[in-house]
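Take a walk through this model, one contact at a time. Keep the sequence beside the coordinates as you read.

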Amino acid sequence: MDKTLYLNENEGLEVTRDGPSIWVREDGRAGRRIPVRLVGRVVVIGNLKIEAGVITLFTENDIPVTFMNRKGRQVAVTIPYNHNLPRHYEEQRVFLETEENEDRVKTLITSRRREFHLGTVKRLSGVVASNFIKNGFRECDYETFLGKYKPRSQEQWVIVCGLIGNLFKEIIIGSLMKSDLDPHMGILHRRHNFGLALDICHIMGPEIDLHGVQFFRCNKDNVLMQKGNNGWLVSQQGMKEIIHRFENRRKSLHEKIESIIDDLFRLMRELRL
């Protein structure tokens, strides 16, 4: 059913394998059995007990698992492994065959990112968006505009947008895998792990900014972040806020990701003519 399973750090939480399902136990609560066929993606946040068999159950069923902490850092990603290259691997290599082809992809990335810039500005200020459309704008103009909506703490902003960005990467990787594209064959992020996923995440960066702005608008009582021994962390309530907003817009985000992937396929066909 393509649902995302979130496993959030909680004392006493244990996840074990139960045949074609997982069993989630939490101190003081009845256990939950979740059939793997109902899961499309898995996000593990923080430190909790998970049987190794749970991870292999997901990878056996082509379900990526993302591990992250509450400081916004992505710790690991597990994806299914086999010896075969993605079906469109050879076609996809056309993007890297010549410098001209690379430039065509970079132009597509810049153009699509600009659309996301305008989309975020429109959501925050229709007046500024109209001015940008009329007079044009540069990346630095967008950053100056966005600066008015950021919190005073740059550390908090980086942590929150890091967490949100990890959720975006998780859904992007899943879409690339289902499209039989190599998620590692990036252009801007060439020779990076999950380079193509990072390229698409770069395109959608302004959408991540929007989620970040909306998060801090809800943090008026300062309960969504907490100060830890090594700096700021997103609180349990803050994680729920991020996940709730992301899930509410997941269908729309998925459609935008699919639109970008469609553009990549169209360009792939043009360059191979």
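Which residue forms a salt bridge with Arg112? The partner is Asp263, with the closest N and O atoms 2.5 Å apart. A salt bridge here is a side-chain nitrogen of Lys or Arg within 4 Å of a carboxyl oxygen of Asp or Glu.

Two notes on reading come before the rest. This is a predicted model, in which local features need pLDDT of at least 70 and side-chain atom pairs count only at pLDDT 80 or more, while totals for chains, interfaces and linings use all residues. Residues are numbered from 1 along each chain as its sequence is written, and side-chain values use heavy atoms, leaving out hydrogens and water.

Back to Arg112 and Asp263. Arg112 sits in helix α3 (residues 99-124) and Asp263 in helix α10, 151 residues apart, so the pair links distant parts of the chain. Helices (H or I, at least four residues) and strands (E, at least two) are DSSP runs, numbered from the N terminus. Arg112 is buried, with a relative accessible area of 10%. Asp263 is buried too, at 15%. Buried means under 20% relative accessible area, exposed means over 50%, and partly exposed lies in between (1.4 Å probe, protein chains only). The contact belongs to a network of salt bridges that links Arg112, Glu115, Asp263 and Arg266.

Stay on helix α10, which spans residues 250-272. Leu267 is found there. Leu267 counts as buried, at 7% relative accessibility. Its C-alpha atom is separated by 9.9 Å from that of Gln92, 175 residues away along the chain.

How many salt bridges does the count come to? The count is 16. Another one joins Glu207 and Arg249, with the closest N and O atoms 3.0 Å apart. Glu207 lies in helix α8, and Arg249 in the loop between α9 (236-248) and α10. These two are 42 residues apart, and the pair links distant parts of the chain. Glu207 is buried, with a relative accessible area of 4%. Arg249 is buried at 16%.

Arg33 pairs with Asp18, the closest N and O atoms being 3.5 Å apart. Arg33 is in strand β4 (residues 29-35) and Asp18 in strand β2, 15 residues apart. Are these residues buried or partly exposed? Arg33 is partly exposed, with a relative accessible area of 46%. Asp18 is partly exposed as well, at 35%.

Now the aromatic rings. A search of the whole structure finds 6 aromatic pairs. Rings of Phe, Tyr and Trp (its six-membered ring) pair if their centres lie within 6.5 Å; planes under 30 degrees apart count as stacked, over 60 as edge-to-face and the rest as tilted. Phe132 and Phe145 are edge-to-face, at 6.4 Å centre to centre with 70 degrees between the planes. Phe132 lies in helix α4 (residues 126-135) and Phe145 in helix α5 (residues 139-147), 13 residues apart. Both are buried. Phe132 and Phe145 also form one aromatic cluster with Phe137 and Tyr149.

Why is the pair of Trp157 and Phe216 stacked? Their ring centres are 6.1 Å apart and their planes stand at 25 degrees, so the pair counts as stacked. Trp157 lies in helix α6 (residues 154-178) and Phe216 in helix α8 (residues 205-217), so the pair ties together parts that are 59 residues apart in sequence. Trp157 is buried at 5% relative accessible area. Phe216 is buried at 13%.

Finish near the start of the numbering. In helix α1 (residues 52-60), Val54, Ile55, Leu57, Phe58 and Thr59 are buried. Just after α1, Asp62 takes a positive phi of about 60 degrees. The loop between β1 (3-8) and β2 (14-18) holds Glu11, which is exposed, with a relative accessible area of 75%. Asn10 is in the loop between β1 and β2, and counts as partly exposed at 34% relative accessibility. Asn10 and Glu143 are 133 residues apart in sequence and 37 Å apart in space, C-alpha to C-alpha.
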